[in-house]
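Here is a short briefing to read with the model open beside you. Have a look at the helices, then the sheet, then the pocket.

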Amino acid sequence: MSSATNFFEFAPKDKKGQEYPLSQHKGKVVLAVNTASKCGFTPQFQGLEKVYKDIKQKYPDDFVIIGFPSNQFGQQDPGSNDEIQEFCQVNYGVSFPVLGKTDVNGDKSEPVYAWMKNEKPGLLGLQRIKWNFEKFLIGRDGKVVNRWASTTKPESLEKEIVALIEKTKSK
């Protein structure tokens with residue numbers, strides 16, 4: 001387990017295989033989502049993009065969604081990083097960062113995912129991601145605030161995200 005104490009201490013790989021320091025989002029509220037382009041939940045990209053644009057319009061410097069593509073569930077994201085990026089943009093107009101394909105479970109789990117699962121275990125304390133499109137809400141301090149299952153529609157999270165932004169907005 002990593003000795004990191006918050007989300008912003010990690011640097012997963014971007015679509016080009018380069019480090020993507022999460023510290024560049026320090027001070028923002030973050031919604032981290034493990035995504036897939038060929039899943040029954042894939043249409044959630046549309047809801048995620050709507051939430052992202054709606055919140056960014058009112059709070060342009062306070063919020064970001066980060067997609068973490070994973071092929072670990074039913075091989076539902078088999079494409080290359082470039083194919084995944086193109087799919088997200090062409091089909092759903094995704095404008096939030098979608099990183100490189102990664103593992104969210106197992107021995108090769110992305111360290112930030114191992115950390116988030118440890119900080120906010122799932123149902124019955126399970127420290128694994130059950131399926132695509134699980135969501136983690138990260139506060140400005142880099143701590144995990146909440147976690148939602150794949151079945152939770154992104155639009156239903158907007159009020160809680162906005163409330164966290166407003167509650168922690170610097171005066």
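In this predicted model, helix H1 (residues 44–58) packs against helix H2 (residues 81–92) at an angle of about 75 degrees, and their axes are 10 Å apart. That angle makes H1 roughly perpendicular to H2, because values from 65 to 115 degrees count as such.

**Where the helices meet**
- On the H1 side, the contact involves Phe 45, Gln 46 and Glu 49.
- Phe 87, Cys 88 and Tyr 92 are their counterparts in H2.

- Four strands form an open sheet in the order E2-E1-E3-E4, and the pairing is mixed.
- Which strands stand at the edges? They are E2 (63–69) and E4 (144–148); each has a single partner strand, so one side of each is left without a neighbour in the sheet.
- On average, neighbouring strands of this sheet are turned by 20 degrees against each other, direction ignored.
- Strand E1 (residues 29–35) and E2 run parallel and are joined by 7 bridges.
- Within that pair, Val 33 has Gly 67 of E2 opposite.

**Helix against sheet**
- H1 also lies across E1, E2 and strand E3 (135–138).
- Relative to E2, H1 runs at about 160 degrees.

**The largest pocket**
- How much volume does the largest pocket have? The value is about 150 Å³.
- Its lining includes Gly 122, Leu 123, Leu 126, Arg 128, Lys 130, Trp 131 and Glu 134.
- Arg 147, Trp 148, Ala 149 and Ser 150 are also among the residues that line the largest pocket.
- By type, the lining of the largest pocket divides into 5 nonpolar, 2 polar and 4 charged residues.

Terms used
Residues are numbered from 1 along each chain as its sequence is written. This is a predicted model: local features need pLDDT of at least 70, side-chain atom pairs count only at pLDDT 80 or more; totals for chains, interfaces and linings use all residues. Side-chain values use heavy atoms; hydrogens and water are left out. On a 1 Å grid over the protein atoms alone, a cavity is a set of points where a 1.4 Å probe fits but cannot get out, and a pocket is an open set with protein on both sides within 12 Å along at least five of seven lines; lining residues have an atom within 4 Å of a point. Grid points are joined across faces, edges and corners, and a volume is the space filled by probe spheres set on the points. Ala, Val, Leu, Ile, Met, Phe, Trp, Tyr, Cys and Pro count as nonpolar, Asp, Glu, Lys and Arg as charged, and the others, Gly among them, as polar. Two strands pair if DSSP finds at least two bridges between them. Helices (H or I, at least four residues) and strands (E, at least two) are DSSP runs, numbered from the N terminus. Axes are lines fitted to C-alpha atoms, for helices over the stretch in contact, and angles run from 0 to 180 degrees between N-to-C directions. Contact means heavy atoms within 4.5 Å. Angles under 35 degrees count as roughly parallel, over 145 as roughly antiparallel, 65 to 115 as roughly perpendicular and the rest as oblique.
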